Amino acid sequence: MEDLDTLVLRTAQAWHAAGEPVVLVTVARTWGSSPRPPGSLMAINGQGHTVGSVSGGCIEDDLIQRIREGGVNAVCAANTPMVLRYGITADEAHRFGLPCGGTVELVLEPVGAHSRLDELLAACAQRRSTERVLNLQTGQVTLQEGRRDGVPQLTEQQLTTFLGPQVRLIVIGAGDLSRFLCQIALSLGFEVVVCDPREDHRASWHLTGVSVSHEMPDDLILRLQPDARTAVVALTHDPKLDDLALIDALQSKAFYVGAIGSRRNSALRRERLQTHFGLSETLLQKLHSPAGLDIGSKTPAEIALSIMAEVVAIQNGKMLKPPQPIAPGQACD
């Protein structure tokens, strides 16, 4: 399953290729409370069909109405972007459902060959982060390497946005917990890869939208080279598999590395990784083990929910402190 940004860009490109007039809408700036953050994307074609969202429904209705009155054709005929602001007054904020008098500034961009959406999509598929600069006077676009999570910048001359690879989850182990974890991750727009070299575990494991690998975990990690948009979670309970994945994942750029297990087994794992494999205390501080937030989870579905909640929290910059490990010989819960 694609993330929403990729879906919007790919749909806009497909509509354009089919000869439809298309406008790409970007949330450039917001003031006060706003339903959608800067950088959010939506595409609208000449028939008023939409993909993506810039407000959760309120502003979209007005944009669609503008389209029915010739808005898309007018924007595309002009062939240059335009800037719209919603919620300037209290009455407008109320009309468009913007909370607390929030204001949203949008850039409407006619899609064409100059938009370079095909190149942008190719860069995302290759897991390259891109800075995209839209010239507001000419509609021309320039692309260059850039960070993924930058905040859009709007001036009188240009709109600069930052796009990059789909967030990815690598799961070590195919089982019931893995299935629930992958289902949640897919619904959140993650690209998901499951790795399990054990044929008896892997043979009957299938979930639409998930890639399944029979490689050894360390081979997979070394091949995929987890980047700053990748999370790795080890779920097998087998040190011969989990440890192999964790050794390389902790030395990668992955934003989250976690492993399930009791507090005692987690402490034993840390000791093993440090003593037998030479991982430093600094690297071990990156390890979330036991993985997941403490929500009192007991069933596989609840445990999966707790793990994905922690992954999303870290992804969103909520630097949660991992549980303090206990000594291997210490009593545990």
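The second largest cavity has a volume of about 40 Å³, in a structure that holds 3 cavities of 30 Å³ or more. The model is a predicted one, in which local features need pLDDT of at least 70 and side-chain atom pairs count only at pLDDT 80 or more, while totals for chains, interfaces and linings use all residues. Residues are numbered from 1 along each chain as its sequence is written, and side-chain values use heavy atoms, with hydrogens and water left out. A cavity is a set of points, on a 1 Å grid over the protein atoms alone, where a 1.4 Å probe fits but cannot get out, and lining residues have an atom within 4 Å of a point; a volume is the space filled by probe spheres set on the points, which are joined across faces, edges and corners.

The lining of the second largest cavity consists of Leu9, Leu24, Thr26, Leu41, Leu120, Arg132, Thr161 and Leu163. Two or more of these residues come from strand E1 (22-31) and likewise from E9.

Strand E9 also belongs to an open sheet of 4 strands, ordered E7-E6-E9-E8 with antiparallel pairing, where strands are DSSP runs of at least two residues (E) and helices of at least four (H or I), and pairing requires at least two bridges. Strands E7 (141-145) and E8 (153-154) form the edges, each pairing on one side only. Between E6 (residues 130-135) and E9 (residues 158-163), 6 bridges are found, and Thr130 stands opposite Leu163 in E9. Helix H5 (residues 117-125) packs on the sheet, touching E6, E7 and E9, with contact meaning heavy atoms within 4.5 Å.

Technical notes:
Axes fitted to C-alpha atoms, helices over the stretch in contact; angles between N-to-C directions. 1 Å grid on protein atoms, 1.4 Å probe; cavity = no way out; pocket = protein on both sides within 12 Å on 5 of 7 lines; lining within 4 Å.
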